[in-house]
Amino acid sequence: WRVGLGIGVLMARGSMWGILLALFLLEAWADVERLTPFQRSLLGDDEEEGDDEDTSDDGDGWVTNIPLSAEEEVVEEALSVPEAPLEAEEMHATPAVEAPAKTPPPPLRRGPETYTMEMIFVSILVAFGAMYLHGKRRNEEIARKWMMETYDTFANNFAMLGDGKGAPLRCETQSEYRFHCSGRVNCIGLSAELHLKKRHDLFRMPLEVLYFKTEDTVEVEVYLNDTDMEPFVLGVVWKKEEKGFRKETPDIGRLAFKVGTQQLKDLGVPSHLSVLTDNSDAVKDLLHGEVVSLLQKNADLFNCIHFSDSYEKPDTSYKKVLRFVFKLPPPEDMTRIKPLFRMVMHFIDRVAGIRLSKDGKERAREARRRLENERLKADHSRRQELAQERKDERLRKEKEEAELLSPEQQAKRTARLAKRQMKKKLPKFKVMNYGQQKLLSVCSPSQTCTLHML
């Protein structure tokens, strides 16, 4: 159990504290394993002797060192009479067989085989450290190379890179990097997150390679002002990922429809891509020839494009967002990412310049109002359900408390509840001032009110 606990702590935490704890437990277990069976039996006898200090065994089966009372001491002295000399027949009798002497305990086993657990654990520790250093340096190299290739593009379009207090690229974890810039027309700011493989984790990396099939990606979000974008949504994604994309983006799932195949052929969109939108005019304005050729040329680096005026994400308050997800190439081929980020800057100005027709804008607003009403109704019904559950719980507790009352107390409680119900059935009166005239409002339990002049 010590070995399992140590390895479990190491896998769960992945820190040096877990390694030290596991090493300590393995060392304690290995010390016990090196003991011989005889030494373990002695250890067990010592523990038993520690539990009962008043008794001991002299090796012949007799218990000694038991304190005696005064009367028992007198009887013991009387019985201790010198033995009489042996007779001739007794002298020629066969002598009794003596018990064999106890053999000394064998020495501790010393050799390489006694340190098997230590050697295994040290090997795991060395592999963990080597994997950590190698994976950390590899991820740093990818992030640094991405920053070098895209720095000029960001510097030419934004006034401030980062928070102005340090390096623009901030390391969140060994596999997560964040970049932020601001100070540009037609947008509030840009945020980029690098999601890299966990190359520093000895236990996670084999799972990512064999089962999860994760890749290095960069997610870009451009936050727009309310006046920088018309009401429409647009999604461009691989066909095989369309179903999952709709689930991940609620606005696309509720508002967008799939653009027809013939229209995509007319625009030159590759056949492996699906386009989802609620306004066909926006597709024609955004997916023109230069953008389509760039997407086709870098198909292995493209993941998805998502434009929305109703963006929903837990950690952001912006509603109008342009979102891009690209796959990162190897560091030695990172120059291929530069055209995609120039396309991002192009879309910022392109989206701000789109003007929908009056009918298209009115249809989009009507659809959003309908969805907002549905959301409000769903929230209202959810609140009513919670209120009803609280009421049922309160009534259940009151009923349980009433069962514990005496008959006199239950009668008083029944009378009090009946009085309360009768009071609810009576009409409610209210005097209101209307200028110089006073009005009397009478409201019945059926929510019908009448006004009377006083």
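**Close-up views of charged residues**

View 1. Asp349 is partly exposed, with 36% relative accessible area (buried means under 20%, exposed over 50%, partly exposed in between; 1.4 Å probe, protein chains only). Arg184, at 14%, is buried. The model is predicted: local features need pLDDT of at least 70 and side-chain atom pairs count only at pLDDT 80 or more, while totals for chains, interfaces and linings use all residues. Residues are numbered from 1 along each chain as its sequence is written, and side-chain values use heavy atoms, leaving out hydrogens and water. Asp349 and Arg184 form a salt bridge, with their closest N and O atoms 3.0 Å apart (a side-chain nitrogen of Lys or Arg within 4 Å of a carboxyl oxygen of Asp or Glu). The pair links distant parts of the chain, helix 13 (residues 338-353) and strand 5 (residues 176-184), 165 residues apart (helices are DSSP runs of H or I with at least four residues, strands runs of E with at least two, numbered from the N terminus).

View 2. The side chains of Arg382 and Asp379 meet at 2.8 Å, N to O, in a salt bridge. Because Arg382 and Asp379 are three residues apart in helix 14 (residues 358-403), about one helical turn separates them. Arg382 is partly exposed at 45%, whereas Asp379 is buried at 19%.

**View 3. The salt bridge of Arg369 and Glu362.** The closest N and O atoms of Arg369 and Glu362 lie 3.3 Å apart in this salt bridge. Arg369 is partly exposed at 40% relative accessible area, and Glu362 is partly exposed at 42%.
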